[in-house]
Amino acid sequence: MGGGLRPTAKAIESIQSALRARKCLTGSKPSLWADDRRWRDRISEAGDENGALVLTLEHPILRKLDSCGSIRQFEQVQAQMFAHGIFQNSLAYSRVVKKLCAWFGDVNRAVEVFGKLEDPDAFVCNTIMRCFVNAGDAGGGLGFYEREVVGKGGSLVNHFTFPVVVKACAGLMSVRSGMRVHGRVMRLGFDADLFVGNSLIHMYSVCGRIGDARKAFDEMSVRDLVSWNSMVDGLMKNGDVGIAIEVFWEMPERDVFSWNMMIAGCVGVEDMEAAKRVFDEMPVRDVVSWNSMLDGYAKVGNVVAARDLFDRMRRRNVISWNTMLALYVRVKDFGECLQLFDAMNEGDVRPNDATLVSVLTACANLGALHRGKSVHEFIRSNMIETDVLLSTALLTMYSKCGAMDLSEDVFNAMEEKSVVSWNAMIMGYGVHGQGEKALDLFSRMERNGPSPNDATFVCVLSACTHAGMLLEGWCLFERMCQVYNITPKAEHYGCMVDLLGRAGLTNDSEEFLQGMPMDSGPPLWGALLSASKTNSNAKFGELVAKRLIKLKPDDMGAYVFLSNIYAAEGRWDDVDKVRTMMKERGSHKAAVSALVG
């Protein structure tokens with residue numbers, strides 16, 4: 001022994017710690033609470049007729065489980081449940097799973113706990129499936145059902161099981177899975193359950209099987225308001241508006257949701273007459289009812305009816321104001337939009353980002369830079385979060401008002417930029433003759449931004465047109481077709497013809513025109529006519545007009561335009577020929593009079 005090495009002080013301390021730990025393991029079970037012995041003594045005396053332990057919610061471990069606020073505390077409580085041998089008790093493990101799902105939202109840990117259970121029950125299964133579905137993981141919920149319930153005999157079900165499972169099928173739009181579950185419902189005798197029936201109506205409606213939904217509805221022995229509302233909503237969303245209206249008027253009772261759902265359905269198919277009938281019959285209307293009608297009139301562009309309804313509203317929320325503001329922008333009544341915004345600011349409804357997008361759009365189209373700046377200041381002072389849409393509206397307003405420096409500031413400050421944001425900046429540079437900057441920004445977009453779309457090339461080609469950058473424009477057009485595989489539209493052809501026309505390359509314009517598709521729309525022909533007028537090229541204009549007549553022989557504008565070209569050159573015989581053609585087409589006197597104008 002004398003020749004051996006003596007242990008170090010650190011080694012001795014480690015050995016002593018191990019001995020202390022071993023001593024603790026041989027002692028009594030660890031206790032979390034001072035009065036744990038008192039509770040254990042009380043419970044040991046309580047048992048069922050077979051002497052089995054009976055738990056209540058008053059047990060200190062279960063009370064501690066309900067009050068714990070962190071996973072660390074939860075794990076400590078779970079350890080005590082194992083130590084006291086109560087974990088496999090149905091009340092105990094159901095409280096564990098419920099705590100994990102309802103409080104922590106940790107469905108994966110709940111599934112791990114489920115795997116440790118010797119005799120799980122339907123409540124635990126339902127809790128886990130509901131947690132999956134409520135978290136947006138319908139596939140996880142359905143998978144758990146098929147694996148742990150159906151796959152293990154299918155006995156762990158009750159009348160709460162199938163509404164959850166059917167909801168998962170609806171979330172997945174899986175009518176095949178839904179039909180399998182429906183079959184199981186019928187075999188187990190749950191088809192008479194009200195909640196199961198309501199969930200089946202919803203599932204079939206969502207999956208587009210409205211006939212099956214109606215069959216499930218008709219076969220229900222008992223229906224409640226949810227049953228009727230689900231059936232009407234399903235019919236509406238599947239386009240059976242007429243039948244939905246019939247079922248709606250058959251309802252034994254209706255709540256405000258029923259009425260509002262019906263109005264929204266009529267508005268969705270733009271049947272404002274039916275929507276108004278329902279609205280007028282409503283015993284009690286809320287702000288949703290009014291907003292639905294307002295949205296309907298806005299959709300069909302009936303400004304007068306929308307404003308009349310808006311003025312009659314006793315209570316308006318921000319949706320009411322935004323609907324009217326957006327409507328005025330859509331019909332290009334920008335001045336009225338700003339006046340209504342002023343009225344909004346006098347009330348107690350606070351504008352939001354959607355409000356300001358409409359207002360900034362109005363400012364942009366009116367060139368109201370001062371007003372746009374005040375809106376920007378309002379955004380800053382009220383610390384309104386500027387998302388991509390609002391920031392794009394801001395930079396568009398500045399660019400249309402000619403303040404490209406301020407537009408650049410907004411653009412550069414954006415953390416996230418959409419394709420629309422890039423396009424707006426490129427178009428802004430182009431409109432103000434800054435072609436080089438437009439091309440530089442387009443190059444930045446190709447390197448660091450989103451992939452350019454067809455609208456991007458309209459913007460950059462337009463910039464080349466305004467700046468007279470013929471070579472660059474032609475290269476971009478080829479790049480669009482060859483690199484990005486974008487099929488040219490009327491707008492792209494229009495930009496190219498205008499670009500060639502401004503450069504005086506009329507022969508190239510004519511050749512380019514010959515290669516265009518016949519079904520090009522009005523934007524193209526407007527650009528062609530503009531190019532021919534700008535360059536005073538009668539030959540090119542004649543070619544365009546004849547192409548227009550061939551494309552739209554009943555459009556008198558093309559005849560008038562062609563006649564004016566001939567009249568300007570003194571070709572009166574040709575004028576007479578065009579006039580004869582117009583008479584043969586049944587032209588109006590107004591068009592004929594324009595011939596000599």
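**Entry 1: around D454**

I began with D454, which, once its neighbours within four places in sequence are left aside, is in contact with I486, K489 and H492; contact here means heavy atoms within 4.5 Å. I found D454 in helix α27, residues 454–467, where helices (H or I, at least four residues) and strands (E, at least two) are DSSP runs numbered from the N terminus. I noted a relative accessible area of 23% for D454, so this residue is partly exposed; buried means under 20% relative accessible area, exposed over 50% and partly exposed in between, with a 1.4 Å probe and protein chains only. I also looked up D454 and T487, whose C-alpha atoms are separated by 8.2 Å although the two are 33 residues apart along the chain.

**Entry 2: what I am working with**

I remind myself that this is a predicted model, in which local features need pLDDT of at least 70 and side-chain atom pairs count only at pLDDT 80 or more, while totals for chains, interfaces and linings use all residues. Residues are numbered from 1 along each chain as its sequence is written, and side-chain values use heavy atoms, with hydrogens and water left out.

**Entry 3: the whole chain**

I recorded 35 helices and zero strands for the protein chain. Of its 597 residues, 44% count as buried. Among contacts in the chain with a separation of 6 or more, I see that 58% are made by residues 24 or more positions apart. For the accessible surface I noted about 31,400 Å², with 52% of this belonging to carbon and sulfur atoms; the areas come from the Shrake-Rupley method with a 1.4 Å probe, and for residues only the protein chains shown count as cover.

For residues 418–452 I noted 77% helix and 0% strand, with the end C-alpha atoms 10 Å apart.

**Entry 4: α23 against α25**

How do α23 and α25 pack, and at what angle? I found that α23 (residues 388–400) and α25 (residues 419–431) pack at about 5° with their axes 9 Å apart, the axes being lines fitted to C-alpha atoms, for helices over the stretch in contact, and angles running from 0 to 180 degrees between N-to-C directions. The two helices are therefore roughly parallel to each other, a term for angles under 35 degrees. From α23, V388, T392, L395, T396 and S399 meet V420, S421, A424, M425 and G428 of α25. I divided the residues of this contact into five nonpolar, five polar and no charged.

**Entry 5: loop residues**

I placed R585 in the loop between α34 (572–584) and α35 (589–595), and its relative accessible area of 44% makes R585 partly exposed. Beyond neighbours within four places in sequence, R585 is in contact with P553, D554, M556 and Y559. R585 and M556 are 29 residues apart in sequence and 8.6 Å apart in space, C-alpha to C-alpha.

I then checked N485, in the loop between α28 (470–482) and α29 (490–502), which has a positive phi of about 55° although it is not a glycine. N485 counts as exposed, at 62% relative accessibility. M173, in the loop between α9 (161–172) and α10 (175–188), has a positive phi near 55° and is likewise a residue other than glycine.

Terms used. Parallel < 35°, antiparallel > 145°, perpendicular 65-115°, else oblique. Nonpolar A, V, L, I, M, F, W, Y, C, P; charged D, E, K, R; others polar.
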